Each structure stands twice: as structure tokens, then as C-alpha cells.
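Biologist: I would like to learn how to read a helix packing. Where do we start?

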Amino acid sequence: MAEDISSDTDNLPARPVCPNCIHPINKRDDFCPQCSAPVGLAVTIDPFKRIWAMGFLYKQAVNSRINGFMLVGMWLIMLPLILQMTNFFIEGMSQVLNGRAVFPSTYSRILYGPAAIVPALLLYKTTKNYRQSRVTQLPDEDEDDC
Ligand SMILES: [Zn+2]
């Protein structure tokens, strides 16, 4: 009986699937047509496709169930960005207040500062998502102990 099943599956053509949603993909696909997960070999090397891959990662961190490893990774990526952007803003404002403003660099620093809201929001939503994931996981952990 088991040999019949294995002989049937051996005759099927092998087709790659998305590791995220198990949707069939083509070998040359860079992103899954179903869930847009990065599945290509060079997606994280190509500068433009890398942006989409990072966007998928951030979308997963905010919307789907994540573990502590993912949360720590997001903090390690986003916190230095927030600190750097805030530091640029403070430096730009101090240059303006001290009368030492230089046209392009000072004002670009001031404009760069408020953009820190983007990584801060991502970090907030990821942390909130992780905390909600833990709350919904607790009953499952109790069932495993039984
Ligand atoms: Zn997929």
C-alpha cells in the first residue's frame, strides 16, 4: 500500500513551492505570486528586490505571529535607525539655534529627523504584535503540558 503511494508521487514532476504558503512557484520567480514572500536565489542581493524583501519581512513582523528572535532582530535593526535620525534632528536644530546653520546639510538633518516616526511605528507595532501573539499562545502551551 505504501509502495503504491510512493510510486505515484515519484512519477509527478517536481515543482518548487513557496516556503511561506506552500503555493506552487516557478523556478525563476523572485517573489511568491500568492503571498509575495521572497523565494528567488538573488532577491536579497539585488538592491531593488531587496527593498521588497525587507518590506515583506517588516509586514510579517507587524501582521503575523512572531517569536522572540524576530522581535529582538527588529529592535536591533530599528533602534539604531531611530537614534541616528533623532541625533541628526538634534544636531540640525542646535546648529540653527546657535546661528551656525549651513544650507543643505543642516536643513536636511532637520527634515530627516521626523522620518524616525516610521521605524518607531514599526517597532511599536512589532512589539505589540509579539505581546498579542504571546497572549494567544498561552492556552496552547498549557495544552502541551498535559
Ligand atoms: Zn507564498
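Modeller: Start with confidence. pLDDT is the predictor's confidence in each residue, from 0 to 100. It matters here, as this is a predicted model.

Biologist: Which elements have the lowest and the highest mean pLDDT?

Modeller: Helix 1, residues 2–11, has the lowest, at 60. Helix 3, residues 68–97, has the highest, at 93. Over the protein chain the mean is 86, and 86% of the residues reach 70 or more.

Biologist: What pattern does the protein chain follow along the sequence?

Modeller: The pattern is α-α-α-α-α. There are five helices and zero strands. Of the 146 residues, 11% are buried. Take the contacts with a separation of 6 or more: residues 24 or more positions apart account for 34% of them.

Biologist: Now the packing. What describes two packed helices?

Modeller: The angle between their axes and the distance between the axes. Here, helix 3 packs with helix 4 (residues 103–112) at about 135 degrees, and the axes are 7 Å apart. That angle makes helix 3 oblique to helix 4; over 145 degrees would count as roughly antiparallel.

Biologist: Is the crossing of helix 3 and helix 4 left-handed or right-handed?

Modeller: Left-handed.

Biologist: Which residues make the contact?

Modeller: From helix 3, M85, F88, F89, E91, G92, M93, Q95 and V96. From helix 4, T106, Y107, R109, I110 and Y112.

Biologist: How many residues of each class does the contact have?

Modeller: Eight are nonpolar, three polar and two charged. Gly counts as polar, so G92 of helix 3 falls in that class.

Definitions and conventions. Residues are numbered from 1 along each chain as its sequence is written. This is a predicted model: local features need pLDDT of at least 70, side-chain atom pairs count only at pLDDT 80 or more; totals for chains, interfaces and linings use all residues. Helices (H or I, at least four residues) and strands (E, at least two) are DSSP runs, numbered from the N terminus. A residue is buried if 20 or more other C-beta atoms lie within 10 Å of its own, exposed if 12 or fewer, and partly exposed in between; C-beta atoms are placed from the backbone. Two residues are in contact if their C-beta atoms, placed from the backbone, lie within 7 Å. Axes are lines fitted to C-alpha atoms, for helices over the stretch in contact, and angles run from 0 to 180 degrees between N-to-C directions. Angles under 35 degrees count as roughly parallel, over 145 as roughly antiparallel, 65 to 115 as roughly perpendicular and the rest as oblique. A crossing is left-handed if the near helix is turned anticlockwise from the far one by less than a right angle, and right-handed if clockwise.
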